[in-house]
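Keep the 3D view open as you read.

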Amino acid sequence: MSNFLTENEIRELGLKSCGKDVRIGRHAVLYHPERLVFGDHVRIDDFTVISGVVEFGNYIHVSQFCGLYGGDDGIYMEDYSGLSSKCSIYAVSDDYSGHSMTNPMVPAKYKPHMISASVKIKKHAIVGCNSVVLPGVVIEEGTAIGSMSLCTKSTEEWSVYTGIPARRKGERKRDLLELEKNFMEDLRTECYIGKTVEVQRVFTSSDVEQFAQISGDRNALHLDEEYAQRSRFGRPIVHGMLVAGLISKIIGMQMPGKGSIYLEQNLSFKKPVYIGEKITAKVCIRDIDENRHIFDLETNVYNEEQICVLAGSAKILYEG
């Protein structure tokens, strides 16, 4: 058995969002996984504890025995950032001044001075082992935090910090930016004709209500169960454009990925998608114009019976 959860096991966790190539150690602990967002190529090692709102970008590593306590304000780790072993990141904390009682077993009304503020660990930032980051801190782009440091204040970008409390010791080299550029170019060549990426989703009544509020489309077929029961569909259906949003997710986040610009999208709605029905969106590369960086894509969505409910095609300008 692998040390990491399988794709099916990760899917069963009920994460808020999950990209491709996500590796979660079997002994990691995720409280309220429905509040967690994972991008692509994220690795969470064993004995790590994650709670509250936490969002991971792409190409991120969290080493063993780390603790990420996001609370309601959240911890946000951007692309290529990482935590070495035994780091503790707090977006929420008790007040230790004596103005409030402490510990999670005490009701909230007796803890009026809880400290809560988002923590951001930006692109290419790295936090050394046994370090602690407190609520409200922003570890700026390219910052390196030395081992056993205490970060109580936000940092400057592309700097090295060490100590208790952590203080700036100098600049960090930016050679890795050129390596990132080469890496992204190599990744682009991984897109080839015939490559297919898929995502699955079950849309809830809450999803439909939120889309109706944002779009202004409050058609009773989507929101009024009694009305929908009298229609040809027999029950509420998901907005067609909400379903099509899964295609946009694949294109924008996975294939070709960040830097994708829509030039054209054709859609043909074949069958209704019902609330609570599992659907699978698939995007396949049909052709690539290397000179103009244009991708010709086949974009289809299927229901649980593998019947096509939405068929289409797209042209994408990819700037990487």
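**A tour that starts at a tyrosine**

Tyrosine 69 has a relative accessible area of 26%, so it counts as partly exposed. Bear in mind as we go that this is a predicted model. The ring of tyrosine 69 forms a stacked aromatic pair with tyrosine 90, with 5.0 Å from centre to centre and 25° between the planes. Because tyrosine 69 lies in strand S9 and tyrosine 90 in strand S12 (residues 88-90), the pair ties together parts that are 21 residues apart in sequence. Tyrosine 90 is partly exposed too, at 29% relative accessibility.

By the ring-centre rule, the count of aromatic pairs comes to seven. Another of these joins phenylalanine 47 and phenylalanine 65: their ring centres are 5.0 Å apart and their planes meet at 15°, so this pair is stacked. Where do these two rings sit? Phenylalanine 47 is in the loop between S5 and strand S6 (49-51), and phenylalanine 65 is in the loop between S8 and strand S9 (67-69), so the pair ties together parts that are 18 residues apart in sequence. Phenylalanine 47 is partly exposed at 41% relative accessibility, and phenylalanine 65 is partly exposed at 45%. Elsewhere, ring pairs link Tyr59, Tyr80 and Phe183 into a cluster.

Now let's turn to the interior. In soluble globular proteins, nonpolar side chains tend to be buried together. The largest nonpolar core here has 35 residues, and the members that touch the most others are Phe38, Phe56, Val62, Leu68, Met77 and Leu83. Elements giving two or more residues to this core include S2, strand S4 (36-38), strand S7 (54-56) and strand S10 (75-77). A second, separate core has 28 residues, among them Val197, Ile247, Val273 and Val301.

Next, the strands. Eight of them form an open sheet with mixed pairing, in the order S2-S5-S8-S11-S16-S19-S21-S22. Its edges are strand S2 (22-24) and strand S22 (167-171), each of which pairs on one side only. Within the sheet, S16 and S19 run parallel and are joined by two bridges, through residues 126-127 and 144-145. You can find isoleucine 126 standing opposite alanine 144 in S19.

Is histidine 239 buried or exposed? Its relative accessibility is 1%, so histidine 239 counts as buried, although it lies in the loop between helix H5 (225-229) and helix H6 (240-253). A polar atom of the histidine 239 side chain lies 2.9 Å from the backbone oxygen of aspartate 217. Beyond four places in sequence, histidine 239 touches Val208, Phe211, Ala212, Asp217 and His222. Asparagine 291, by comparison, counts as exposed because its relative accessibility is 73%; its place is in the loop between strand S25 (278-289) and strand S26 (294-302).

Finally, step back to the whole chain. There are six helices and 27 strands, and the C-alpha atoms fill a box of roughly 65 × 55 × 45 Å along the principal axes. Of the 320 residues, 42% are buried. The chain exposes about 17,100 Å², with carbon and sulfur atoms supplying 50% of it.

Key
Residues numbered from 1 in each chain as written. Predicted model: local features only at pLDDT ≥ 70, side-chain atom pairs only at ≥ 80, totals over all residues. Heavy atoms only, no water. Helix = DSSP H or I, 4+ residues; strand = E, 2+ residues; numbered from the N terminus. Buried < 20%, exposed > 50% of the residue type's maximum accessible area, 1.4 Å probe, protein only. Pairing = 2+ DSSP bridges. Polar contact = N/O pair within 3.5 Å; in protein donor to acceptor, adjacent residues only side chain to side chain. Contact = heavy atoms within 4.5 Å. Core = buried A, V, L, I, M, F, W, Y, C linked by side-chain atoms within 4.5 Å. Areas by Shrake-Rupley, 256 points an atom, 1.4 Å probe, with all protein chains shown as cover. Phe/Tyr/Trp six-rings, centres within 6.5 Å; stacked < 30°, edge-to-face > 60°.
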